[in-house]
Amino acid sequence: MKFRLPFAPLVALRFLREGRMQTLLILAGTTGGVAVIVFLTQLITQLQAQIVDRVLGSQAHVVIRPLEEANRRAIDDQGFATVIEPRAQRLRSVDQWENVARLAAGMEGVTAVSPVVTGPAFAVRGQANKSVALMGVDAERYRRIVRMEEYMVAGRFAVDGTRAVIGTELAKDLGIRLEDKLRVALPNGRDELLQVGGIFDIGNKDLNRRWIFVTLPLAQSLLDLPGGVSNLDLTVADIFEAQPVADRLRGATGLTVESWMQTNAQLLAALRNQSVSNNLIRSFVIIIVALGISSVLVVSVVQKQKEIGILRAMGASRSMILQVFLIQGALVGAVGSVLGSLLAFALLNAFSAIYRNADGTPLFAAELEPRFILMAALVATGVGLASALIPARRAARMDPVQAIRS
Amino acid sequence: MNSPVIDLAGIVKTYGIGSPVETEVLHGIDLRLAEGEFAALIGPSGSGKSTLLNLIGLLERPTGGRLSIGGRDTATLNEAEITQLRGRSIGFVFQFHHLLPAFSAMENVMMPGIIARGAADDELEATALQLLDAVGLKAHAYKKPSELSGGQQQRVAIARALALKPRLILADEPTGNLDTHTADDIFALLREFNRQTNCACLIVTHDPRLAARCDRIVRLVDGRIADDLPTEKETNP
């Protein structure tokens with residue numbers, strides 16, 4: 001037995017095929033709309049993910065620091081005019097940092113904790129000296145905060161004794177190659193001769209020029225912070241959950257706890273605004289596509305008046321006629337979403353071939369996530385159905401006698 | 001004889017009720033048509049022929065009076081039941097064939113069946129082919145209406161009207177826009193099916209020659225039945 005379409009889809013398909021030009025136009029409109037939405041969504045999602053990834057590539061998700069020191073009035077005497085001067089913040093250790101680190105490591109959502117001692121120093125070689133940030137870390141633990149091993153251009157990311165890891169810019173500025181010697185001098189008069197065991201390029205020239213990684217004990221002794229750490233760096237499982245994790249830690253420890261979302265508030269606001277404008281564009285495109293489908297079907301109902309009357313005279317019920325036009329809308333939406341997704345894929349390919357990063361790699365991958373296609377198909381079919389509602393109801397209400405006579 | 005296919009008693013139809021242009025088009029029509037009867041409905045333009053045909057065809061509802069089709073009082077039926085009754089027991093032949101241009105002759109003939117059953121099936125296809133054969137169009141079964149002549153289109157329309165073996169065929173000037181020769185053919189076809197299936201036929205016509213070939217002539221004047229007489233002699237085609 002061969003497959004035969006039921007009444008409503010059969011007639012709907014025939015009507016669409018009969019109104020060739022109209023069907024093509026309405027399909028083109030839907031295809032264009034879907035393509036814009038899918039393309040835009042995919043592009044913005046990818047770019048945003050990349051920006052966030054890049055920003056978080058060189059910083060911790062959450063950082064725990066000691067509370068800032070503040071001057072307080074000794075006597076709470078009302079009626080006295082007082083001026084409280086802000087205090088200069090000296091380098092201090094996180095109080096009982098081992099306990100804090102244990103607490104943080106045990107907290108839900110935290111995947112890694114790394115103690116860091118950081119302070120200012122000068123890198124000196126011959127007549128040249130550069131201002132740097134000394135970073136005392138446990139290399140193994142720090143790797144789980146910033147994936148340093150991915151950024152190494154020479155040597156390994158390992159610190160031991162007086163072996164240090166520096167950035168490419170500093171190496172260039174001071175003319176240093178792997179295994180060369182380098183002296184660091186501190187404001188407190190201490191200094192140390194380091195041997196460069198690795199050179200990194202973290203993708204940020206400023207950091208490439210400033211960071212010098214040494215062992216935790218060396219940094220502690222150079223910075224006069226024996227046994228102490230200036231901050232604890234944390235990695236969390238879900239980067240957008242960093243803020244709640246930070247809030248919980250602040251509540252539990254009473255220390256200064258900052259998430260990347262606070263540190264990069266402007267970036268987050270920018271991303272959010274981008275999402276809002278993206279949603280706005282999507283909504284308008286959907287409305288325009290819906291209006292397009294609706295208006296073409298309204299015209300089609302008027303053109304098909306006679307046919308509708310004939311079908312009704314032959315026993316077709318109002319709901320059957322309603323279905324015929326609803327299916328037309330849904331079909332246009334469904335086919336438009338498939339074509340639109342294909343077009344979006346082509347656009348993504350074209351754009352990724354044209355726009356490239358500074359290092360020549362494509363700005364974004366020319367790929368379509370299946371969930372976007374599925375989403376587009378569902379939305380487009382739904383929009384098609386919804387926009388067919390008014391024309392379909394008009395068709396169903398038509399008086400068969402009037403329809404046949406006209 | 002069992003219950004008449006058409007049974008009208010005191011049918012009144014008024015348009016524009018409550019408006020200043022309220023007009024009563026039919027003023028109490030009594031009409032019965034038994035199974036197998038072949039009647040002509042004649043009368044001058046504006047006498048209410050089309051309105052009466054639309055009422056009998058259940059395309060419109062009367063303002064007053066009793067209207068039974070196939071023994072069922074239509075006043076008790078709801079919209080969906082009316083639609084179903086119309087689809088299953090009445091076949092229409094219009095003056096202008098009114099075929100669906102997007103469908104082939106075959107599909108047009110199958111359409112009442114597709115509507116009644118939800119989708120086409122082998123039986124509907126066989127019946128449609130048989131009917132097209134009977135109206136002499138088997139060779140044109142897969143052509144679109146636009147590829148057929150006026151007479152052929154009307155033959156397809158007749159085949160379509162017969163698709164569900166209706167008890168009643170209503171034809172509104174089925175030969176109105178055809179030449180005499182073709183008109184005779186079409187009329188003969190209707191007559192033949194009437195004999196074969198014993199369905200009741202009511203045919204609106206302006207052509208006195210064709211009316212004379214029916215069993216009975218109902219003449220409508222100003223919304224009333226002026227006379228309702230059997231024809232004197234039966235003409236065989």
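Let's start with A:T30. Is A:T30 buried or exposed? Count the C-beta atoms around it. A:T30 has 27 C-beta neighbours inside 10 Å. The cut-off for buried is 20 or more, so A:T30 counts as buried. Keep in mind that this is a predicted model.

Where does A:T30 sit? A:T30 is in helix α2 of chain A, which covers residues 20-56. Now, which residues touch A:T30? Set aside the neighbours within four places in sequence. That leaves contacts with A:V289, A:I293, A:V332, A:G333, A:G336, A:G340 and A:A380. One more pair to look at is A:T30 and A:F284. They are 254 residues apart along the chain, and their C-alpha atoms are separated by 13 Å.

Next, chain A as a whole. Chain A has 14 helices and 10 strands. Its radius of gyration is 33 Å. The globule rule gives 22 Å for 406 residues, and 33 Å is well over that, so chain A is more spread out than a compact globule. Along its principal axes, the C-alpha trace spans about 105 × 65 × 45 Å. Buried residues make up 37% of the 406 residues in chain A. What about contacts along the sequence? Take the contacts in chain A with a separation of 6 or more. Residues 24 or more positions apart account for 80% of them.

Find α1 of chain A, residues 7-18, and α12 of chain A, residues 318-354. Their axes come within 8 Å and cross at roughly 55°. α1(A) and α12(A) are therefore oblique to each other. The crossing is right-handed. Who makes the contact? From α1(A), the residues include A:F7, A:V11 and A:F15. From α12(A), they include A:M320, A:I327 and A:L331. By class, the residues of this contact are 11 nonpolar, two polar and no charged.

Last stop, the contact between the chains. How many residues does each chain bring? Chain A brings 20 residues, and chain B brings 24. On the chain A side, α1 (7-18), α11 (305-313) and α14 (400-405) each supply at least two residues. Which helix gives the most? That is α1(A), with five residues. So much for the helices; now the classes. The side of chain A that touches chain B has 12 nonpolar, two polar and six charged residues.

To recap α1(A): this helix crosses α12(A) at roughly 55°, and it also gives five residues to the side that touches chain B.

How values were computed
Residues are numbered from 1 along each chain as its sequence is written. Chains are lettered from A and ligands numbered from 1 in the order in which they are written. This is a predicted model: local features need pLDDT of at least 70, side-chain atom pairs count only at pLDDT 80 or more; totals for chains, interfaces and linings use all residues. Two residues are in contact if their C-beta atoms, placed from the backbone, lie within 7 Å. Helices (H or I, at least four residues) and strands (E, at least two) are DSSP runs, numbered from the N terminus. Ala, Val, Leu, Ile, Met, Phe, Trp, Tyr, Cys and Pro count as nonpolar, Asp, Glu, Lys and Arg as charged, and the others, Gly among them, as polar. The radius of gyration is taken over C-alpha atoms; the globule rule is 2.2 Å times the number of residues to the power 0.38. A residue is buried if 20 or more other C-beta atoms lie within 10 Å of its own, exposed if 12 or fewer, and partly exposed in between; C-beta atoms are placed from the backbone. Axes are lines fitted to C-alpha atoms, for helices over the stretch in contact, and angles run from 0 to 180 degrees between N-to-C directions. Angles under 35 degrees count as roughly parallel, over 145 as roughly antiparallel, 65 to 115 as roughly perpendicular and the rest as oblique. A crossing is left-handed if the near helix is turned anticlockwise from the far one by less than a right angle, and right-handed if clockwise.
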